[in-house]
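Here is a briefing on one protein model. Look over the sequence and the structure first, then read the points by topic.

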Amino acid sequence: MAALISAIPIALLFILMMGFKVSGWKSALITLVVTILLALFATPALGIVPEKYADVSIVGITIWSVFEGFLKACFPIILIIICAIFSYNILCETKEIETIKTQFTQLTTDKGLLVLLLTWGFGGVLEGMAGFGTAVAIPAAILIGLGFKPMFSAVICLIANTVAVGFGAVGLPATTLANEVAGELTGGMASHEMLCSISTYIIIQLSLMFYITPFIILMMTDKTKVIKNLSLALFVGTFSIIIQFSCAFFLGPETPAILGSVGAIIAMLIYNQLFLRHKTEKDAVLVEKQEFGFAKTFRAWSVYGFIIFFILISSKICPDINALLKSTLVTQFQMPVIGNTFSFGWLSNAGLMVFLGAMIGGLIQGLSFGRLMKLLCQTTYNLQKTALTICCLVALASLMNNTGMTLAIATGLVSLTGAAYPFFAPLIGSIGTFVTGSATSANILFGKLQAAAAGQLGLVNEANFFGVSGNETNWLAAANCAGSEGGKLLSPQSIAIATAACDMEGQDGDIMRKTLPFAVFWILMNGLMVFLGLHVI
C-alpha cells in the first residue's frame, strides 16, 4: 500500500504529460502540489517517514524539502541550461553558426554520420566533462542550426545521452554509487579497486547498448541505409566499448565517457575516410566548396572551444586546479529541520565554465560586452517556464526522498519480485533518475538499497578479479547506475532541457511519448544483462 500511494506523483506526471498533453511546467506544478498533500497527510499515516525525522514536524520537513529542491534546481541545473542556450544564441547572433554548419556538411554529406558525430561523439564528451544537461542542450541546438527538425533534434539527443550518463561530470554518478555501496558493506569510502570494479561492471551491463544505441540513432536519421548503419554502429561501438572498458578497468570512473567519446569521434572520422569519402567528394561537386583558414575556424568555434577548455581544466583531470576551485568561494547552507546541507561552489560549477567560454567566444566573434549581457537577459527571460518546470521537479524529488516515498517504492519492488529482483534492479535506478533527473541522485537514493537487497537474496560475495570482496553485490549495485541511464530518457527534467534547447514549449508530452519505447527497451535489456550476468561474473 505504501509503495502504491508513494508512486502517485510518478503516475500523475505520466498521465498529465502523455495522456492529457498538459505542458511541462503545468504538469510539474500540479504534481508538486499533489506530492505536498501526500507528504503532509499520507506519509505520517503510512509510517514511511525516515526514523531520523521521527520527532520532527511533517510541515517543517515539507517546507524545507521544497526549499532545498528550489536551491538545487537553480544551482547548478538552471544555471547550466541558461548558459548553454546562451552560448548557442551567441552563434546565431554573430552568424558563426553558418560556418559551423558548412564545416560539418563539408566533412561528410552523410546525415547519419553527421548526427552521430554531434550526439554520440560531441554530446558524449560534454556529458563526460560537465553533465547536467549540456549534452542535450548544446548538440540539439546545433542540429537545429544544421536544418534538422526540432522534434527530431530533441529526441535524438535524449536517446544519445544515455550510455555516457553513468560516467558524466567526470565520473560523479559511478563514484557516488561506489561510495554508497562501500558505506553499506564496510562503513567507509570506496577504494580504488572498488571504483574500478563497479565501473567495469557498469560497462559490461551496457555492452550491447554501445552497438544498439548508435544503430537506432542512425536508423532514425536515415532508414534507407540499413547495411551502412549497421556497419557504422558496429565500427563505432567497438571503439567506444574497448576504450571505455579499458578506462574503467585500469583507471576508474573519471575518464570512460570522455575518452570513450573522443575515441568514437576518431572512429567515425576513420570510417568516413575509408568508406564514405568518395561519396562525400562526389556530392561536394554539386555545391561550391568553401575554404576556411585557421582564423575563421577559430573564430567560429571559439565559444565551444573555450567551454570545453574551461570544463577540462576545472575537472578532476587537472586535480590541483579542481581542488583549488572546489575549496574557494563555496556556499554552504544547513537546512533547518531536515538537517541536509546545501553546498554550491561558485568557481567549480560547470555553469560558470560554460558562461566564461560563451563570453570570451562572443567577444572574439565581435559582440560587445553590453550586447552579450542583453542577449543573456533575453535568454534567461525566454527560459522562465523551463526554470519553473525544473524547480518544481527537483523540489518534488527532494520531498519524495525526505518523506520516504521514493524509498517506499523501491522497497516495495524488492519485496514483490523476490528471487527475480536482479531482473528488476535496473528499474529501481530508472525510477530514481525519472524522479530526480539525476543519475547521481538515483545512486545516492538506491545504492545502499541495492547492496542490502543483494544481502537479502543471499548472493555470493567472493573476491573478483580486482581482489575486491562483494563481487555479486557490486554487480547488482552497478545495475542501479546502468538502469538510471534509461530513466534519463523519460525524466521530465531532461525533457524540459530538450524543449528549451529546441524552442518546443508545451511539447514535453510529445517528446516523452517518442522516447518511451526506447526507455522501456533499455530497461528490459539491462534487466536481462543483470539477471543473466549473475551466473557468469
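The points below cover the cores, the helices, the salt bridges, the aromatic rings and the surface.

This is a predicted model: local features need pLDDT of at least 70, side-chain atom pairs count only at pLDDT 80 or more, and totals for chains, interfaces and linings use all residues. Residues are numbered from 1 along each chain as its sequence is written, and side-chain values use heavy atoms, with hydrogens and water left out. The largest nonpolar core has 161 residues. The structure also holds nine salt bridges and 24 aromatic pairs.

**Nonpolar cores**

- A nonpolar core is a set of buried Ala, Val, Leu, Ile, Met, Phe, Trp, Tyr and Cys residues joined through side-chain atoms within 4.5 Å.
- Buried means under 20% relative accessible area, exposed means over 50%, and partly exposed lies in between (1.4 Å probe, protein chains only).
- In the largest core, of 161 residues, Trp120, Tyr304 and Ile390 have the most contacts inside it.
- Helix α4 (residues 58-94) gives the most to this core, with 14 residues.
- Another core lies apart from it and has eight residues, among them Leu71, Met335, Ile338 and Phe342.
- In soluble globular proteins, nonpolar side chains tend to be buried together.

**Helices and distant contacts**

- Helices (H or I, at least four residues) and strands (E, at least two) are DSSP runs, numbered from the N terminus.
- Helix α22 covers residues 471-487. In α22, 17 of its 17 residues are buried, so the helix is mostly covered.
- The end C-alpha atoms of α22 are 25 Å apart, which agrees with the 24 Å that its 17 residues should span at 1.5 Å a residue. The expected span is 1.5 Å times one less than the number of residues.
- Val394 sits in helix α18 (residues 384-402). Val394 counts as buried because its relative accessible area is 8%.
- Val394 and Leu71 are 323 residues apart in sequence, and their C-alpha atoms are 8.9 Å apart in space.
- Leu532 belongs to helix α24 (residues 508-533). Leu532 counts as exposed because its relative accessibility is 52%.
- From Leu532 to Gly418 there are 114 residues in sequence and 16 Å in space, C-alpha to C-alpha.

**Salt bridges**

- A salt bridge is a side-chain nitrogen of Lys or Arg within 4 Å of a carboxyl oxygen of Asp or Glu.
- Glu68 and Lys72 form one, at 3.6 Å from N to O. Both residues lie in helix α4, four residues apart, about one turn of the helix.
- Glu68 is buried at 3% relative accessibility, whereas Lys72 is partly exposed at 38%.
- Lys225 and Asp110 form another, with the closest N and O atoms 3.4 Å apart. This pair links distant parts of the chain, 115 residues apart: Lys225 is in the loop between α11 (209-221) and α12 (226-250), and Asp110 is in the loop between α5 (96-107) and α6 (111-129).
- Lys225 is partly exposed at 26% relative accessibility, while Asp110 is buried at 2%.
- Asp110 also meets Lys228 in a salt bridge, at 2.8 Å from N to O. Lys228 lies in helix α12 and Asp110 in the loop between α5 and α6, so the pair ties together parts that are 118 residues apart in sequence.
- Asp110 and Lys228 are both buried.
- Shared partners join the salt bridges of Asp110, Asp222, Lys225 and Lys228 into one network.

**Aromatic rings**

- Rings of Phe, Tyr and Trp (its six-membered ring) pair if their centres lie within 6.5 Å; planes under 30 degrees apart count as stacked, over 60 as edge-to-face and the rest as tilted.
- By this rule there are 24 aromatic pairs. One of these is Phe249 with Phe250, edge-to-face, with 5.0 Å centre to centre and 75° between the planes.
- Phe249 is partly exposed at 25% relative accessibility, and Phe250 is exposed at 59%.
- Ring pairs also link Phe294, Phe298, Phe306, Phe309 and Phe310 into a cluster.

**Nonpolar surface**

- Patches are made of residues with over 30% relative accessible area and no salt bridge; like charges are joined within 9 Å, and nonpolar side chains (Val, Leu, Ile, Met, Phe, Trp, Tyr) within 5 Å.
- Val262, Ile266, Ile270, Leu274 and Phe275 form a nonpolar surface patch, with about 450 Å² of accessible area together. Accessible areas come from the Shrake-Rupley method with a 1.4 Å probe; for residues, only the protein chains shown count as cover.
- Phe275 lies in helix α13 (residues 256-284) and is exposed, at 54% relative accessibility.
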